[in-house]
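Dear colleague,

Here is the structure I said I would pass on.

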Amino acid sequence: MDLELRHLKTVRAIADAGSLTKAASALGLAQPALSAQLKRIERTLGGRLFERGRLGVRPTPLGELVLDRARVVLPAVRELQEEAVRLAHAWDGMPRFRLGGTHGPLLGGLVDRLATAHPGVPVTTQTSWSEREIAAGVAEGRLDFALIGTCGQSPPPEPERLSWREVAADPVFVMLAADHPLTGRTEIELGCLADESWADVPGDGCFADCFAAACARAGFTPASVYETDTASCVHLVQVGRAVGLCRATFPPTPGLVTRPLAGSPLSWRHLLGWHPGEPAADAAGAVITHTRAAHADAVARSATYRAWLDRHADHVTAIYPTAV
């Protein structure tokens, strides 16, 4: 058997985990399968790579040698792959916009504005609930721009490899069924929703923790939180099964209303990211301008958000940071 990159990844995973059980879980393998694979790798390399003990495994001298080489080889191969992908997808003088985004109204608005401003230029999209997946797509050259959101002031993913600019910042609102008894209120105290079930879309960031902390400050723990796609969240709210959390720019939807949470205990930042070494970086300023215009359009469509802004003039000056 020849030694392959996947074998080096396996050895590194075992060393990082400190036990075969944890490494098997991280790799998505059954422990017997991982043990058998390790034995084959050890036969190929001519000796034991790990000593097994009560507290897990530790590398042998041979194992340390292999790990030292793996720590050099694996990052180098990853860098080679990323550079190759970027070269294969280079613009070659032909403009295009490959956009990645998490679910929300801004991505569609950005696509519309780019297509209008650049007729005939290809605009493609990729969506995911995972901010990290979208950011990795840009870092690896498969996407030109990432349009994502982060909770409060939490940092975006891939900060070492990507440039990020804040597009806009919004409070988080609550979605209620149109016949919910609290729809008549201008703003709703979070504690008034203590007995509700909640619906929200999943994400990689700290929003779930921030929401739990806000509820704790309001004196309660959510009875249940349904993490699901946007359409399912809307349905659960419309039928009265839950109340939902949403960005203030959430578009008008039949059967539900949005209301601000008093004191704005949660906030959401819209961010645009790109690779500074790619040709797409030259278009970043224009793309930010189009994205902010798409956000302004979304604000204009929400009477609830416009009314909230009228009551909170201080937020109007902070909603759009200084342009690139």
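This is a predicted model: local features need pLDDT of at least 70, side-chain atom pairs count only at pLDDT 80 or more; totals for chains, interfaces and linings use all residues.

Nonpolar cores

The largest nonpolar core has 20 residues. Those that touch the most other members are Phe97, Leu99, Phe145, Leu272, Trp274 and Val287. Two or more residues come from each of strand S3 (97-101), helix H5 (105-117), S5, S6, S11 and helix H9 (284-301). Apart from this core there is a second, separate one of 19 residues, which includes Leu182, Phe207, Val243 and Leu266. In soluble globular proteins, nonpolar side chains tend to be buried together.

What does phenylalanine 145 contact, once neighbours within four places in sequence are left aside? The list is Phe97, Arg98, Leu99, Gly100, Val138, Leu272, Gly273, Trp274, Ala280, Ala283, Ala284 and Val287.

Salt bridges

The count is nine salt bridges. Three of them are described here.

Aspartate 144 pairs with arginine 98, with 2.9 Å between the closest N and O atoms. Aspartate 144 is in the loop between helix H6 (131-139) and S5, while arginine 98 is in strand S3, so the bridge ties together parts that are 46 residues apart in sequence. Both ends are buried: aspartate 144 has a relative accessibility of 5%, and arginine 98 has one of 10%. The two residues also belong to a salt-bridge network with Arg96.

Arginine 71 and aspartate 68 form a salt bridge at 3.5 Å, N to O. Both residues lie in helix H4 (residues 61-88); because they are three residues apart, about one helical turn separates them. Here the ends are partly exposed, at 44% relative accessibility for arginine 71 and 41% for aspartate 68.

Arginine 161 and glutamate 158 also meet through their side chains in a salt bridge, at 2.9 Å from N to O.

Backbone angles

Glutamate 158 has a further feature: its phi is positive, near 55 degrees, although the residue is not a glycine. Glutamate 158 sits in the loop between strand S5 (145-151) and strand S6 (163-177).

Serine 264, also not a glycine, has a positive phi of about 45 degrees. Serine 264 is in the loop between strand S10 (256-260) and strand S11 (267-274), and is partly exposed, with a relative accessible area of 30%.

Regards

Technical notes
Residues are numbered from 1 along each chain as its sequence is written. Side-chain values use heavy atoms; hydrogens and water are left out. Helices (H or I, at least four residues) and strands (E, at least two) are DSSP runs, numbered from the N terminus. Buried means under 20% relative accessible area, exposed over 50%, partly exposed in between (1.4 Å probe, protein chains only). A nonpolar core is a set of buried Ala, Val, Leu, Ile, Met, Phe, Trp, Tyr and Cys residues joined through side-chain atoms within 4.5 Å. Contact means heavy atoms within 4.5 Å. A salt bridge is a side-chain nitrogen of Lys or Arg within 4 Å of a carboxyl oxygen of Asp or Glu.
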